[in-house]
Each structure stands twice: as C-alpha cells, then as structure tokens.
Amino acid sequence: MPRAFILVLDSVGVGGAPDAGQYGDAGADTVGHIAEACAHGEGDRPGLRRGPLALSHLARLGLGEACRLASGRVPPNLQAGPLRGRYGCAAEASHGKDTPSGHWEIAGCPVRFDWGYFPNTTPCFPPDLVEALCREAGLRGILGDRHASGTEIIAALGEEHMRTGKPICYTSADSVFQIAAHEKAFGLSRLYEVCLIARGLVDRLNIGRVIARPFLGAAAADFTRTANRRDYGAPPPAPTILDLATAAGRDVITVGKIADIFAHRATGRVLKAAGNDALFDCTIEGASGLADGGFLFANFIDFDTLYGHRRDVAGYAAALESFDRRLPELDAVLRADDLVIITADHGCDPTFRGTDHTREQAPVLAYGAAPPGSIGARSSYADIAASVASHLGLPWNGPGQVF
C-alpha cells in the first residue's frame with residue numbers, strides 16, 4: 001500500500017496572496033525576498049553562509065516555478081533544469097494567517113470563522129480574564145499584558161518575573177495567549193498548569209492557542225527560551241485527514257508541534273525534538289518505520305520562530321539551505337509508491353515590516369509517486385488533504401480538489 005508524507009516548512013511562503021492587502025501584507029514574499037537579499041549580499045553572515053540562495057533540491061522540485069505562479073517571477077538562483085515533481089502554489093481560504101488555520105486547512109479543515117484577537121493596546125487582555133486567571137491559578141498578578149516579541153519581553157521582564165513570581169503574559173497579531181516563565185524559578189509543571197487554566201478561560205473568546213514559553217538563565221543578558229514549549233490549542237471543528245487515516249486503522253506519525261496544533265486528536269505516534277535538524281532526524285526515523293498505507297505529518301518550526309519573527313534574513317536563508325541539503329536523506333528511505341508533499345502554513349517575510357506572520361500563498365511541491373508537471377495555482381490548501389486521501393485510497397468527503 002502507498003504511503004504519504006506532508007512536510008510543513010513553517011512560514012515559507014512564496015508571496016502573492018490575492019487578499020494580502022486586507023491583512024496589511026501587500027508585497028510580502030518570504031522566499032522571493034530572501035533570495036533577492038542573498039543575491040545582493042544582504043544574506044551573508046561570516047561563519048554562517050554567503051552568496052546566492054542555494055536550494056538545488058527544492059528548485060528541482062519546482063520551488064522557483066511555484067514562486068512564479070504566486071508572484072509572477074522566479075527568484076534569483078531558483079531556476080532549475082528538468083523538474084522531478086509536481087509544483088504549484090495555494091492560496092489560503094481560511095480567515096487569518098496563523099498556525100492553526102494554515103495547518104487545519106492543509107489537513108482538509110479550512111477555518112470559516114473569525115478567531116478572537118487581543119487589541120494592540122496596553123493592557124491588551126480583558127481585566128476579567130486576568131482576574132480569573134490569577135484567582136484560579138493562585139497568582140499574585142501577571143507581567144506584560146501587551147503585544148510583544150517573545151525574546152524581547154523575556155529580556156525586559158524576566159528578572160522582575162523571577163523576583164515576584166508573576167508570569168509574563170503577552171500576545172501578538174495571532175490568536176494567541178502566551179505565558180513565559182522561568183523553568184526553575186517558576187517551575188515547568190507549574191507553567192503548564194497555569195496554561196491549562198488559561199486554555200479553559202480563553203475558550204469563550206475564541207482564542208486559537210495558549211502557548212507555554214519556558215526559559216532559563218540568570219539575568220536579561222543570558223535568558224534563553226528552551227525546547228519545552230507546549231501549545232494548548234482548540235481542536236479542529238471538523239474531521240481532518242488525520243481523523244480519516246486513524247479511523248481507517250492506518251499508521252499515523254506526527255512530527256514536531258503537529259500534535260499540539262491538532263489538540264492531540266488522531267495524531268498517532270508523536271515524535272518531538274528541538275530544532276529543524278533534530279526534527280528532520282525524527283522525520284527520517286518515522287519514514288523508516290512507517291507501515292504500508294501510513295501517513296506522516298511533520299512541521300519544521302525554526303523558519304518561523306527563530307528567523308521569520310526575528311527578521312533574520314541570513315539565518316532564514318541558512319535554515320532553508322540546511323533543509324535542502326538533507327532532502328536526499330529522506331529520498332533514501334522512500335519507496336517507489338510514496339508521495340511527499342512539501343508546503344507551508346503562511347508566510348513570515350523577514351524583510352517585511354513588523355515581526356508578525358505575512359499573508360502569502362504556500363508552495364505545493366509533490367514528488368515520489370507524482371509525475372513532473374504543474375498543478376497550477378490552487379484556491380485552497382485543502383487540495384493537499386484531498387490529494388493525500390486519494391493517494392492513500394481513503395474516502396474523502398471534505399473540501400479540496402485532488403491534484
């Protein structure tokens with residue numbers, strides 16, 4: 001029986017979302033702008049990388065052509081000779097530009113409702129929410145209560161947090177309530193407990209995720225977020241390809257934060273690790289042991305959290321190149337009838353203003369059992385779920401068109 005793999009390169013958008021202007025993101029183009037910056041030497045960093053963006057394997061899978069479909073041009077150095085897979089781009093039909101919406105739609109469940117968001121004010125959280133959290137979690141108060149970059153707010157308030165025991169609560173342009181706390185001074189299990197309480201309290205506000213953001217260090221100069229992040233998400237409102245595969249008794253493996261994004265519903269065996277390289281190791285491990293008819297769903301988080309949000313062009317380019325270099329390792333454990341789809345959940349253009357996600361189209365690069373050629377510009381990420389279901393021989397009644 002054939003197997004299927006979806007690899008989500010978190011935030012690796014290819015620009016050109018038809019409705020980008022409605023989100024303030026007209027002109028955003030993550031891959032295109034990184035490639036242009038590298039071509040002009042703006043992606044050079046001593047000891048890390050230099051020169052034009054080098055993505056030979058992704059280019060042969062059609063990444064440059066996917067960019068052409070989305071933005072009208074092939075970015076510098078992404079031209080390729082004979083292609084070895086099917087390529088296209090997909091516009092997001094869901095509302096918003098956040099992680100759950102993108103992943104749920106990839107899995108066949110577009111978000112047709114509007115998430116709740118916190119206003120960009122200080123304070124930003126409703127007073128009754130803060131009061132209830134402090135009461136139910138036994139807190140003496142919170143710090144932050146505003147929109148912020150996670151690393152910046154920890155540097156600014158981490159020492160006060162350690163003195164007072166008050167957790168740092170903040171948000172962003174996403175539908176999210178984030179809680180940062182010191183793993184030792186506050187306690188990791190205590191942080192998780194507070195986040196669980198917060199999850200129950202924000203349901204009425206239709207907030208997509210509560211995220212535990214633990215960190216270590218003795219002072220602002222050396223505070224570092226750890227790999228013990230945990231997301232507490234709402235479950236998808238309709239069945240996904242994960243539910244379908246699980247109900248059919250198929251082997252399901254999820255890598256990275258996929259299980260958290262889907263509230264651990266039908267997420268099978270969960271493989272977690274810190275960083276893209278370790279997540280690629282997990283993907284290889286999963287692919288090597290995935291049973292006939294099985295489905296593996298992986299997320300590679302560093303592109304977004306370490307480089308997109310921090311507007312780090314050189315770091316983002318290096319991460320793309322590192323992923324590209326490792327693709328032959330995955331190819332080595334694939335079978336002739338396997339289908340691999342490489343895509344993204346949104347953009348996070350490191351050359352764009354602000355630090356938030358950007359509304360962009362996603363690349364759709366399918367190879368293995370897929371013959372070379374264009375699948376064109378798709379109107380929904382849900383086409384990925386429909387195509388995976390078709391490949392696995394599973395009955396798909398959800399949205400999306402098979403490519």
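Phe323 is buried, with a relative accessible area of 4%, and I would like to start from this residue, keeping in mind throughout that what we have here is a predicted model. If we set aside residues up to four places away in sequence, Phe323 touches Leu7, Leu9, Leu58, Phe280, Phe300, Phe303 and Ile342. Phe323 is also, together with Phe297 and Ile342, among the residues with the most contacts inside the largest nonpolar core, which has 85 residues. The largest share of this core, seven residues, is contributed by helix 12, which runs over residues 313-331. Apart from that core there is another one, of 28 residues, and it includes Val130, Ile142, Ile197 and Tyr232. As a general background to both, nonpolar side chains in soluble globular proteins tend to be buried together.

Let me turn to the rings. A search of the whole structure finds 13 aromatic pairs, and I will take two of them. In the pair formed by Phe125 and Phe177, the centres are 4.5 Å apart and the planes make an angle of 45 degrees, which is a tilted arrangement. Phe125 sits in the loop between helix 4 (99-106) and helix 5 (127-137), whereas Phe177 belongs to strand 5 (residues 176-182), so that the pair links distant parts of the chain, 52 residues apart. Both Phe125 and Phe177 are buried.

The other pair brings us back to Phe323. Why is the pair of Phe280 and Phe323 described as edge-to-face? Their ring centres are 5.4 Å apart and their planes stand at 70 degrees, and edge-to-face is used because the angle is over 60 degrees. Because Phe280 lies in helix 10 (residues 276-289) and Phe323 in helix 12, this pair ties together parts that are 43 residues apart in sequence. Phe280 is buried, at a relative accessible area of 2%. Ring pairs also join Phe280 and Phe323 with Phe300, Phe303 and Tyr316 into a cluster.

Now to the way helix 12 is packed. The axes of helix 1 (residues 30-39) and helix 12 come within 10 Å and cross at roughly 105 degrees, which is why helix 1 counts as roughly perpendicular to helix 12. From helix 1, the residues Thr30, Ile34, Ala37 and Cys38 meet Val313, Tyr316, Ala317 and Leu320 in helix 12.

Next, a glycine. Gly150 lies in helix 6 (residues 150-164) and is buried, with a relative accessible area of 11%. What is Gly150 in contact with, leaving aside neighbours within four places in sequence? Its contacts there are Tyr170 and Arg225. The C-alpha atoms of Gly150 and Thr171 are separated by 8.7 Å, although the two residues are 21 residues apart along the chain.

The peptide bond from Thr122 to Pro123 is cis, with omega near 0 degrees, and Pro123 is placed in the loop between helix 4 and helix 5. Ala266, which is not a glycine, has a positive phi of about 60 degrees, and lies in the loop between helix 9 (258-261) and strand 10 (269-271). Arg311 likewise has a positive phi, near 55 degrees, and is found in the loop between helix 11 (302-308) and helix 12. At 18% relative accessibility, Arg311 counts as buried, because the limit for that term is under 20%.

Technical notes: Residues are numbered from 1 along each chain as its sequence is written. This is a predicted model: local features need pLDDT of at least 70, side-chain atom pairs count only at pLDDT 80 or more; totals for chains, interfaces and linings use all residues. Side-chain values use heavy atoms; hydrogens and water are left out. A nonpolar core is a set of buried Ala, Val, Leu, Ile, Met, Phe, Trp, Tyr and Cys residues joined through side-chain atoms within 4.5 Å. Buried means under 20% relative accessible area, exposed over 50%, partly exposed in between (1.4 Å probe, protein chains only). Helices (H or I, at least four residues) and strands (E, at least two) are DSSP runs, numbered from the N terminus. Contact means heavy atoms within 4.5 Å. Rings of Phe, Tyr and Trp (its six-membered ring) pair if their centres lie within 6.5 Å; planes under 30 degrees apart count as stacked, over 60 as edge-to-face and the rest as tilted. Axes are lines fitted to C-alpha atoms, for helices over the stretch in contact, and angles run from 0 to 180 degrees between N-to-C directions. Angles under 35 degrees count as roughly parallel, over 145 as roughly antiparallel, 65 to 115 as roughly perpendicular and the rest as oblique.
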